[in-house]
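Dear colleague,

I am passing this structure on to you, as you have not worked with it before. Please have a look at it first, and then read the notes below.

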Amino acid sequence: MRVFACRASNFFKRNLDNFPYNPNFNFFREFAQSTAIPKKQLRVRDHGYDNYMEVEKKTRKVLKFQSIILPEPTQSLPISRLETLVRRFGFTRHEAGAFVLKFPHVFEIFEHPVQRILFCRLTRKAILQIQQERQALAEQIPRAVTRLRKLLLMTNEGRLRLEHVRIARSAFGLPDDFENSVVLRYPQFFRLIDAKETRMKYIEVVDRDPRLATCAIEEVREREYRQRGGDAEDIRFSFIIDFPPGFKIGKYFRIAMWKWQRLPYWSPYENVCGYDLRSIEAQKRMEKRAVATIHELLSLTVEKKITLERIAHFRMAMNLPKRLKDFLLQHQGIFYVSTRGNQGKLHTVFLREAYRKGELIEPNELYLARRKLAELVLLSPRKAKVDKELVGYRRSRLEDEMGQVTRTYVEDACEDFKGEDGVGLDKDAEDDLTSDIGSDVDLGDEGNDFVDSASLQRTS
(Lines give C-alpha, C1' and ligand atoms only; values in the text may rest on other atoms or scores of the structure.)
Protein backbone atom coordinates (compact mmCIF):
# COMPACT_ATOMS: atom_id res chain seq x y z
CA MET A 1 0.00 0.00 0.00
CA ARG A 2 2.88 2.35 0.84
CA VAL A 3 4.55 1.54 -2.49
CA PHE A 4 1.33 2.38 -4.38
CA ALA A 5 0.94 5.71 -2.56
CA CYS A 6 4.54 6.63 -3.24
CA ARG A 7 4.26 5.85 -6.97
CA ALA A 8 0.98 7.80 -7.23
CA SER A 9 2.54 10.88 -5.61
CA ASN A 10 5.55 10.73 -7.96
CA PHE A 11 3.19 10.43 -10.95
CA PHE A 12 1.21 13.54 -9.97
CA LYS A 13 4.44 15.48 -9.31
CA ARG A 14 5.86 14.66 -12.76
CA ASN A 15 2.59 15.65 -14.51
CA LEU A 16 2.01 18.84 -12.53
CA ASP A 17 5.49 20.08 -13.35
CA ASN A 18 4.61 20.04 -17.06
CA PHE A 19 1.54 22.33 -16.64
CA PRO A 20 1.60 26.02 -15.64
CA TYR A 21 0.21 26.86 -12.24
CA ASN A 22 -3.34 28.22 -12.31
CA PRO A 23 -4.59 29.44 -8.89
CA ASN A 24 -8.19 29.76 -10.15
CA PHE A 25 -8.44 26.13 -11.25
CA ASN A 26 -10.67 24.02 -9.04
CA PHE A 27 -10.16 20.25 -9.08
CA PHE A 28 -13.44 19.71 -7.24
CA ARG A 29 -15.70 21.75 -9.49
CA GLU A 30 -19.17 20.26 -9.29
CA PHE A 31 -20.80 19.13 -12.52
CA ALA A 32 -24.18 17.60 -13.11
CA GLN A 33 -24.22 13.84 -13.02
CA SER A 34 -25.81 13.43 -16.43
CA THR A 35 -24.67 16.57 -18.27
CA ALA A 36 -21.50 18.63 -18.47
CA ILE A 37 -23.25 21.84 -17.39
CA PRO A 38 -22.16 22.94 -13.89
CA LYS A 39 -24.73 22.22 -11.21
CA LYS A 40 -24.05 25.22 -9.01
CA GLN A 41 -24.04 28.52 -10.86
CA LEU A 42 -24.09 32.05 -9.57
CA ARG A 43 -27.46 33.66 -10.05
CA VAL A 44 -27.10 36.73 -12.27
CA ARG A 45 -29.84 39.33 -11.91
CA ASP A 46 -31.57 40.87 -14.88
CA HIS A 47 -32.97 44.25 -13.86
CA GLY A 48 -35.50 44.32 -16.70
CA TYR A 49 -37.41 41.37 -15.25
CA ASP A 50 -36.93 42.54 -11.65
CA ASN A 51 -38.37 45.96 -12.46
CA TYR A 52 -41.31 44.22 -14.13
CA MET A 53 -41.97 42.34 -10.89
CA GLU A 54 -41.71 45.53 -8.81
CA VAL A 55 -44.67 46.90 -10.76
CA GLU A 56 -46.38 43.51 -10.48
CA LYS A 57 -46.06 43.71 -6.70
CA LYS A 58 -48.08 46.94 -6.65
CA THR A 59 -50.72 45.66 -9.06
CA ARG A 60 -51.13 42.49 -7.00
CA LYS A 61 -51.99 44.58 -3.95
CA VAL A 62 -54.34 46.75 -6.01
CA LEU A 63 -56.17 43.61 -7.19
CA LYS A 64 -56.68 42.55 -3.57
CA PHE A 65 -58.34 45.87 -2.82
CA GLN A 66 -60.48 45.56 -5.94
CA SER A 67 -61.64 42.09 -4.90
CA ILE A 68 -63.05 43.65 -1.72
CA ILE A 69 -64.68 46.73 -3.27
CA LEU A 70 -66.28 45.19 -6.39
CA PRO A 71 -68.62 42.66 -4.68
CA GLU A 72 -70.32 45.49 -2.76
CA PRO A 73 -73.78 46.51 -4.11
CA THR A 74 -72.69 50.14 -4.55
CA GLN A 75 -69.08 49.18 -5.40
CA SER A 76 -67.89 51.46 -2.62
CA LEU A 77 -66.83 50.98 0.97
CA PRO A 78 -66.22 53.21 4.01
CA ILE A 79 -62.54 53.71 4.65
CA SER A 80 -62.91 52.40 8.21
CA ARG A 81 -64.45 49.13 7.01
CA LEU A 82 -61.91 48.80 4.21
CA GLU A 83 -59.07 49.01 6.72
CA THR A 84 -60.69 46.22 8.72
CA LEU A 85 -61.19 43.91 5.72
CA VAL A 86 -57.67 44.24 4.30
CA ARG A 87 -56.04 43.11 7.52
CA ARG A 88 -56.23 39.55 6.26
CA PHE A 89 -53.87 40.62 3.47
CA GLY A 90 -51.23 41.79 5.93
CA PHE A 91 -52.14 45.49 6.13
CA THR A 92 -52.12 47.12 9.54
CA ARG A 93 -54.32 49.97 10.78
CA HIS A 94 -54.26 53.16 8.69
CA GLU A 95 -52.13 51.48 5.99
CA ALA A 96 -55.12 50.88 3.74
CA GLY A 97 -56.00 54.58 3.52
CA ALA A 98 -52.39 55.51 2.83
CA PHE A 99 -52.15 52.84 0.13
CA VAL A 100 -55.34 54.04 -1.58
CA LEU A 101 -54.06 57.62 -1.67
CA LYS A 102 -50.94 56.50 -3.54
CA PHE A 103 -52.96 55.49 -6.60
CA PRO A 104 -55.51 58.21 -7.37
CA HIS A 105 -55.99 56.90 -10.92
CA VAL A 106 -57.31 53.59 -9.53
CA PHE A 107 -59.06 54.53 -6.28
CA GLU A 108 -61.22 57.53 -5.52
CA ILE A 109 -62.06 58.85 -2.05
CA PHE A 110 -65.26 60.84 -1.62
CA GLU A 111 -67.57 62.01 1.12
CA HIS A 112 -70.90 60.23 1.36
CA PRO A 113 -73.71 62.74 0.80
CA VAL A 114 -75.89 61.31 3.61
CA GLN A 115 -73.57 59.62 6.11
CA ARG A 116 -70.91 62.34 5.81
CA ILE A 117 -68.02 59.89 6.11
CA LEU A 118 -65.21 59.04 3.70
CA PHE A 119 -65.86 56.26 1.20
CA CYS A 120 -63.60 54.59 -1.35
CA ARG A 121 -64.51 53.43 -4.85
CA LEU A 122 -62.84 52.69 -8.17
CA THR A 123 -62.27 55.40 -10.73
CA ARG A 124 -63.81 55.29 -14.19
CA LYS A 125 -60.46 54.38 -15.73
CA ALA A 126 -60.11 51.40 -13.38
CA ILE A 127 -63.65 50.22 -14.13
CA LEU A 128 -63.00 50.47 -17.88
CA GLN A 129 -59.83 48.42 -17.41
CA ILE A 130 -61.75 45.72 -15.55
CA GLN A 131 -64.40 45.61 -18.28
CA GLN A 132 -61.70 45.35 -20.97
CA GLU A 133 -60.02 42.48 -19.14
CA ARG A 134 -63.30 40.62 -18.69
CA GLN A 135 -64.13 41.04 -22.36
CA ALA A 136 -60.69 39.81 -23.42
CA LEU A 137 -61.02 36.84 -21.05
CA ALA A 138 -64.40 35.90 -22.53
CA GLU A 139 -63.19 36.24 -26.13
CA GLN A 140 -60.20 33.95 -25.69
CA ILE A 141 -62.11 31.03 -24.14
CA PRO A 142 -61.45 28.81 -27.24
CA ARG A 143 -57.71 29.38 -26.87
CA ALA A 144 -57.96 28.66 -23.14
CA VAL A 145 -59.62 25.33 -23.99
CA THR A 146 -56.68 24.47 -26.24
CA ARG A 147 -54.20 25.45 -23.54
CA LEU A 148 -55.91 23.20 -21.01
CA ARG A 149 -55.98 20.29 -23.45
CA LYS A 150 -52.26 20.65 -24.14
CA LEU A 151 -51.58 20.95 -20.43
CA LEU A 152 -53.34 17.64 -19.78
CA LEU A 153 -51.53 15.96 -22.67
CA MET A 154 -48.17 16.69 -21.03
CA THR A 155 -49.05 14.66 -17.94
CA ASN A 156 -48.30 10.98 -17.50
CA GLU A 157 -51.90 9.83 -17.09
CA GLY A 158 -53.61 12.63 -19.01
CA ARG A 159 -55.22 14.20 -15.95
CA LEU A 160 -54.60 16.89 -13.34
CA ARG A 161 -56.15 17.84 -10.05
CA LEU A 162 -58.87 20.43 -10.37
CA GLU A 163 -57.45 22.32 -7.39
CA HIS A 164 -54.01 22.63 -9.02
CA VAL A 165 -55.52 24.03 -12.21
CA ARG A 166 -57.69 26.40 -10.19
CA ILE A 167 -54.64 27.85 -8.43
CA ALA A 168 -52.93 28.55 -11.79
CA ARG A 169 -56.08 29.57 -13.72
CA SER A 170 -55.07 33.23 -14.07
CA ALA A 171 -51.72 32.34 -15.67
CA PHE A 172 -53.38 30.15 -18.32
CA GLY A 173 -56.18 32.61 -19.06
CA LEU A 174 -58.97 30.52 -17.55
CA PRO A 175 -61.99 32.29 -15.99
CA ASP A 176 -62.81 31.92 -12.31
CA ASP A 177 -65.73 29.61 -13.09
CA PHE A 178 -63.72 27.47 -15.52
CA GLU A 179 -65.14 24.28 -14.00
CA ASN A 180 -68.53 25.12 -15.49
CA SER A 181 -67.63 27.44 -18.39
CA VAL A 182 -64.78 25.29 -19.75
CA VAL A 183 -64.61 21.77 -18.29
CA LEU A 184 -68.32 20.92 -18.15
CA ARG A 185 -69.17 22.98 -21.22
CA TYR A 186 -66.88 20.90 -23.47
CA PRO A 187 -67.52 17.24 -22.59
CA GLN A 188 -66.00 16.18 -25.90
CA PHE A 189 -62.59 17.37 -24.63
CA PHE A 190 -62.67 17.03 -20.82
CA ARG A 191 -63.98 14.60 -18.27
CA LEU A 192 -64.45 15.66 -14.65
CA ILE A 193 -63.72 12.85 -12.22
CA ASP A 194 -65.85 13.82 -9.23
CA ALA A 195 -65.14 13.02 -5.62
CA LYS A 196 -66.56 13.80 -2.22
CA GLU A 197 -63.84 16.35 -1.48
CA THR A 198 -63.21 19.25 -3.86
CA ARG A 199 -59.45 18.82 -3.62
CA MET A 200 -59.69 15.26 -4.93
CA LYS A 201 -61.47 16.17 -8.18
CA TYR A 202 -59.56 15.49 -11.39
CA ILE A 203 -59.75 16.84 -14.93
CA GLU A 204 -59.03 14.17 -17.53
CA VAL A 205 -58.52 14.56 -21.25
CA VAL A 206 -61.00 12.60 -23.38
CA ASP A 207 -59.26 12.45 -26.74
CA ARG A 208 -55.51 12.64 -27.36
CA ASP A 209 -55.39 14.72 -30.50
CA PRO A 210 -51.95 14.27 -32.18
CA ARG A 211 -52.29 17.71 -33.80
CA LEU A 212 -51.92 19.29 -30.36
CA ALA A 213 -48.69 17.42 -29.61
CA THR A 214 -46.50 20.12 -31.17
CA CYS A 215 -44.27 22.14 -28.88
CA ALA A 216 -43.77 25.87 -29.20
CA ILE A 217 -40.00 25.41 -29.36
CA GLU A 218 -40.38 23.24 -32.48
CA GLU A 219 -42.16 26.08 -34.27
CA VAL A 220 -39.45 28.49 -33.16
CA ARG A 221 -36.73 26.18 -34.44
CA GLU A 222 -38.41 25.91 -37.83
CA ARG A 223 -38.76 29.68 -38.05
CA GLU A 224 -35.14 30.26 -37.03
CA TYR A 225 -33.92 27.67 -39.50
CA ARG A 226 -35.86 29.27 -42.37
CA GLN A 227 -34.68 32.77 -41.52
CA ARG A 228 -31.03 32.21 -40.57
CA GLY A 229 -30.24 28.76 -41.89
CA GLY A 230 -27.34 26.79 -40.42
CA ASP A 231 -26.59 23.16 -39.76
CA ALA A 232 -29.78 21.16 -39.38
CA GLU A 233 -28.13 18.81 -36.88
CA ASP A 234 -27.27 21.72 -34.56
CA ILE A 235 -30.78 23.18 -34.66
CA ARG A 236 -32.76 19.95 -34.43
CA PHE A 237 -32.74 19.72 -30.59
CA SER A 238 -31.54 23.20 -29.67
CA PHE A 239 -33.12 25.93 -27.55
CA ILE A 240 -32.80 29.70 -27.91
CA ILE A 241 -30.14 30.77 -25.42
CA ASP A 242 -30.01 34.36 -24.18
CA PHE A 243 -27.88 34.77 -21.07
CA PRO A 244 -28.49 37.78 -18.79
CA PRO A 245 -26.03 40.69 -18.92
CA GLY A 246 -22.95 39.98 -16.85
CA PHE A 247 -23.17 36.21 -17.13
CA LYS A 248 -19.65 34.83 -17.54
CA ILE A 249 -19.27 32.16 -20.20
CA GLY A 250 -16.02 30.26 -20.09
CA LYS A 251 -14.46 28.08 -22.74
CA TYR A 252 -15.43 24.77 -21.15
CA PHE A 253 -18.93 26.00 -20.37
CA ARG A 254 -19.39 26.98 -24.00
CA ILE A 255 -18.31 23.49 -25.11
CA ALA A 256 -20.69 21.91 -22.60
CA MET A 257 -23.56 24.05 -23.89
CA TRP A 258 -22.78 23.06 -27.48
CA LYS A 259 -22.93 19.38 -26.54
CA TRP A 260 -26.14 19.88 -24.57
CA GLN A 261 -27.81 21.65 -27.49
CA ARG A 262 -27.17 18.65 -29.77
CA LEU A 263 -28.44 16.18 -27.19
CA PRO A 264 -31.67 14.42 -28.33
CA TYR A 265 -34.60 14.13 -25.93
CA TRP A 266 -38.18 12.89 -25.72
CA SER A 267 -41.02 15.30 -26.40
CA PRO A 268 -43.05 16.56 -23.40
CA TYR A 269 -46.17 15.13 -25.09
CA GLU A 270 -44.60 11.66 -25.48
CA ASN A 271 -45.39 8.97 -22.92
CA VAL A 272 -42.12 7.66 -21.45
CA CYS A 273 -43.61 5.06 -19.13
CA GLY A 274 -42.46 2.20 -21.37
CA TYR A 275 -38.80 3.27 -21.56
CA ASP A 276 -35.93 2.02 -19.42
CA LEU A 277 -34.76 5.17 -17.62
CA ARG A 278 -31.89 3.64 -15.63
CA SER A 279 -29.10 4.29 -18.12
CA ILE A 280 -27.02 7.49 -18.21
CA GLU A 281 -28.24 8.27 -21.73
CA ALA A 282 -31.85 8.03 -20.57
CA GLN A 283 -31.12 10.37 -17.64
CA LYS A 284 -29.61 12.90 -20.03
CA ARG A 285 -32.71 12.78 -22.21
CA MET A 286 -35.03 13.09 -19.22
CA GLU A 287 -33.19 16.16 -17.93
CA LYS A 288 -33.49 17.88 -21.28
CA ARG A 289 -37.10 16.74 -21.51
CA ALA A 290 -37.75 18.50 -18.19
CA VAL A 291 -36.35 21.73 -19.69
CA ALA A 292 -38.65 21.29 -22.70
CA THR A 293 -41.64 20.62 -20.42
CA ILE A 294 -41.12 23.81 -18.41
CA HIS A 295 -40.52 25.71 -21.66
CA GLU A 296 -43.82 24.43 -23.05
CA LEU A 297 -45.59 25.15 -19.76
CA LEU A 298 -44.46 28.79 -19.90
CA SER A 299 -45.40 29.02 -23.57
CA LEU A 300 -48.98 28.05 -22.70
CA THR A 301 -49.36 30.90 -20.20
CA VAL A 302 -50.85 34.25 -21.18
CA GLU A 303 -47.89 36.38 -20.05
CA LYS A 304 -45.17 33.74 -20.61
CA LYS A 305 -44.45 33.67 -16.88
CA ILE A 306 -45.66 31.72 -13.86
CA THR A 307 -44.58 31.34 -10.27
CA LEU A 308 -42.25 28.51 -9.33
CA GLU A 309 -44.66 27.40 -6.62
CA ARG A 310 -47.39 26.80 -9.20
CA ILE A 311 -45.04 24.80 -11.41
CA ALA A 312 -44.33 22.62 -8.38
CA HIS A 313 -48.00 21.54 -8.34
CA PHE A 314 -47.42 19.81 -11.71
CA ARG A 315 -44.09 18.24 -10.74
CA MET A 316 -45.30 14.71 -10.06
CA ALA A 317 -47.67 14.61 -13.03
CA MET A 318 -45.01 15.83 -15.51
CA ASN A 319 -41.84 14.11 -14.20
CA LEU A 320 -40.11 17.36 -13.19
CA PRO A 321 -37.08 17.33 -10.87
CA LYS A 322 -37.46 17.90 -7.14
CA ARG A 323 -35.18 20.91 -6.67
CA LEU A 324 -36.81 23.07 -9.31
CA LYS A 325 -35.09 26.33 -8.43
CA ASP A 326 -31.58 24.87 -8.70
CA PHE A 327 -32.60 23.13 -11.89
CA LEU A 328 -33.84 26.37 -13.48
CA LEU A 329 -30.74 28.29 -12.37
CA GLN A 330 -28.74 25.69 -14.24
CA HIS A 331 -30.38 27.01 -17.44
CA GLN A 332 -30.29 30.79 -16.98
CA GLY A 333 -30.07 31.32 -20.73
CA ILE A 334 -33.59 29.92 -21.20
CA PHE A 335 -35.38 30.91 -17.98
CA TYR A 336 -35.09 33.74 -15.51
CA VAL A 337 -36.12 33.32 -11.88
CA SER A 338 -37.06 36.57 -10.16
CA THR A 339 -37.44 36.79 -6.38
CA ARG A 340 -38.97 40.26 -6.51
CA GLY A 341 -42.64 40.97 -6.05
CA ASN A 342 -43.54 39.41 -2.70
CA GLN A 343 -40.60 39.99 -0.33
CA GLY A 344 -38.78 36.94 -1.68
CA LYS A 345 -41.60 34.54 -0.77
CA LEU A 346 -42.56 33.88 -4.40
CA HIS A 347 -40.28 33.03 -7.32
CA THR A 348 -41.53 34.06 -10.75
CA VAL A 349 -40.16 32.17 -13.76
CA PHE A 350 -39.94 34.05 -17.07
CA LEU A 351 -39.39 32.63 -20.53
CA ARG A 352 -36.48 34.78 -21.70
CA GLU A 353 -37.04 34.41 -25.43
CA ALA A 354 -40.59 35.79 -25.12
CA TYR A 355 -39.51 39.15 -23.65
CA ARG A 356 -37.51 42.07 -24.91
CA LYS A 357 -36.71 45.10 -22.75
CA GLY A 358 -39.26 44.09 -20.15
CA GLU A 359 -42.16 43.74 -22.60
CA LEU A 360 -43.78 40.75 -24.26
CA ILE A 361 -42.70 40.43 -27.90
CA GLU A 362 -46.02 38.98 -29.09
CA PRO A 363 -48.69 40.47 -26.79
CA ASN A 364 -52.29 39.30 -26.70
CA GLU A 365 -55.46 41.15 -25.75
CA LEU A 366 -55.59 39.74 -22.22
CA TYR A 367 -51.98 40.71 -21.57
CA LEU A 368 -52.60 44.25 -22.87
CA ALA A 369 -55.69 44.60 -20.68
CA ARG A 370 -53.72 43.56 -17.60
CA ARG A 371 -50.92 45.95 -18.47
CA LYS A 372 -53.46 48.78 -18.53
CA LEU A 373 -53.80 48.37 -14.77
CA ALA A 374 -50.01 48.63 -14.42
CA GLU A 375 -50.11 51.84 -16.44
CA LEU A 376 -52.74 53.30 -14.09
CA VAL A 377 -50.59 52.32 -11.12
CA LEU A 378 -47.52 53.98 -12.60
CA LEU A 379 -49.29 57.25 -13.49
CA SER A 380 -48.12 60.15 -11.39
CA PRO A 381 -50.47 61.53 -8.70
CA ARG A 382 -49.71 65.01 -10.05
CA LYS A 383 -51.53 64.16 -13.26
CA ALA A 384 -54.53 63.06 -11.23
CA LYS A 385 -54.50 66.46 -9.49
CA VAL A 386 -54.43 68.23 -12.86
CA ASP A 387 -57.34 66.10 -14.10
CA LYS A 388 -59.26 66.96 -10.94
CA GLU A 389 -58.70 70.68 -11.48
CA LEU A 390 -59.78 70.39 -15.10
CA VAL A 391 -63.00 68.65 -14.06
CA GLY A 392 -63.63 71.35 -11.47
CA TYR A 393 -63.04 74.04 -14.08
CA ARG A 394 -65.48 72.41 -16.48
CA ARG A 395 -68.13 72.19 -13.81
CA SER A 396 -67.73 75.83 -12.75
CA ARG A 397 -68.00 76.93 -16.36
CA LEU A 398 -71.14 74.84 -16.82
CA GLU A 399 -72.67 76.30 -13.66
CA ASP A 400 -71.98 79.81 -14.93
CA GLU A 401 -73.69 79.01 -18.21
CA MET A 402 -76.67 77.46 -16.46
CA GLY A 403 -76.90 80.42 -14.10
CA GLN A 404 -76.91 82.80 -17.04
CA VAL A 405 -79.69 80.81 -18.72
CA THR A 406 -81.66 80.78 -15.48
CA ARG A 407 -81.36 84.54 -15.03
CA THR A 408 -82.51 85.14 -18.62
CA TYR A 409 -85.46 82.82 -18.12
CA VAL A 410 -86.48 84.59 -14.91
CA GLU A 411 -86.25 88.04 -16.45
CA ASP A 412 -88.46 86.94 -19.35
CA ALA A 413 -90.94 85.41 -16.94
CA CYS A 414 -91.09 88.61 -14.94
CA GLU A 415 -91.69 90.65 -18.04
CA ASP A 416 -94.55 88.34 -19.03
CA PHE A 417 -95.96 88.55 -15.56
CA LYS A 418 -95.86 92.35 -15.64
CA GLY A 419 -97.49 92.43 -19.05
CA GLU A 420 -100.40 90.21 -18.04
CA ASP A 421 -101.36 91.78 -14.75
CA GLY A 422 -99.99 95.24 -15.23
CA VAL A 423 -98.71 95.16 -11.66
CA GLY A 424 -95.03 95.78 -11.07
CA LEU A 425 -92.99 93.72 -8.63
CA ASP A 426 -90.68 95.28 -6.15
CA LYS A 427 -87.05 94.31 -5.96
CA ASP A 428 -87.40 91.95 -2.98
CA ALA A 429 -90.20 90.01 -4.62
CA GLU A 430 -88.14 89.68 -7.77
CA ASP A 431 -85.21 88.24 -5.84
CA ASP A 432 -87.50 85.71 -4.17
CA LEU A 433 -88.94 84.67 -7.51
CA THR A 434 -85.46 84.28 -8.99
CA SER A 435 -84.32 82.05 -6.16
CA ASP A 436 -87.43 79.85 -6.40
CA ILE A 437 -87.21 79.34 -10.14
CA GLY A 438 -83.45 78.71 -9.99
CA SER A 439 -83.93 75.95 -7.43
CA ASP A 440 -86.43 74.12 -9.65
CA VAL A 441 -84.19 73.96 -12.71
CA ASP A 442 -83.13 70.35 -13.41
CA LEU A 443 -79.55 70.04 -14.66
CA GLY A 444 -80.24 66.57 -16.08
CA ASP A 445 -77.51 64.00 -16.58
CA GLU A 446 -74.82 66.58 -17.22
CA GLY A 447 -74.57 67.45 -13.57
CA ASN A 448 -73.91 63.80 -12.60
CA ASP A 449 -70.62 63.81 -14.48
CA PHE A 450 -69.21 66.29 -12.03
CA VAL A 451 -70.46 64.96 -8.73
CA ASP A 452 -67.20 63.08 -8.21
CA SER A 453 -65.06 66.18 -8.49
CA ALA A 454 -67.23 68.09 -6.06
CA SER A 455 -66.98 65.35 -3.46
CA LEU A 456 -63.21 65.15 -3.95
CA GLN A 457 -62.89 68.92 -3.52
CA ARG A 458 -64.83 68.75 -0.25
CA THR A 459 -62.53 66.02 1.07
CA SER A 460 -59.41 67.90 0.03
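In which order do the strands β4, β5 and β6 stand in their open sheet? The order is β4-β6-β5, and the pairing is antiparallel; strands are DSSP runs of E with at least two residues, helices are runs of H or I with at least four, both numbered from the N terminus, and two strands count as paired if DSSP finds at least two bridges between them. Before going further, please note that this is a predicted model, in which local features need pLDDT of at least 70 and side-chain atom pairs count only at pLDDT 80 or more, while totals for chains, interfaces and linings use all residues. Residues are numbered from 1 along each chain as its sequence is written, and side-chain values use heavy atoms, with hydrogens and water left out.

In this sheet β4 (159–161) and β5 (190–193) are the edge strands, each pairing on one side only. β4 is joined to β6 (residues 202–205) by three bridges, and Arg159 has Glu204 in β6 as its bridge partner.

Another open sheet of three strands has the order β1-β3-β2, again with antiparallel pairing. Here β1 (76–78) and β2 (107–111) stand at the edges with a single partner strand each, so one side of each has no neighbour in the sheet. Five bridges connect β2 with β3 (residues 118–122), and Ile109 lies opposite Cys120 in β3.

Beyond its neighbours within four places in sequence, Leu151 is in contact (heavy atoms within 4.5 Å) with partners including Leu160, Phe172 and Phe314.

Finally, the axes of helices α2 (residues 47–69) and α16 (residues 365–378) come within 10 Å and cross at roughly 95 degrees, the axes being lines fitted to C-alpha atoms over the stretch in contact, with angles from 0 to 180 degrees between N-to-C directions. That makes α2 roughly perpendicular to α16, a term that covers 65 to 115 degrees.

Best regards

Key
Angles under 35 degrees count as roughly parallel, over 145 as roughly antiparallel, 65 to 115 as roughly perpendicular and the rest as oblique.
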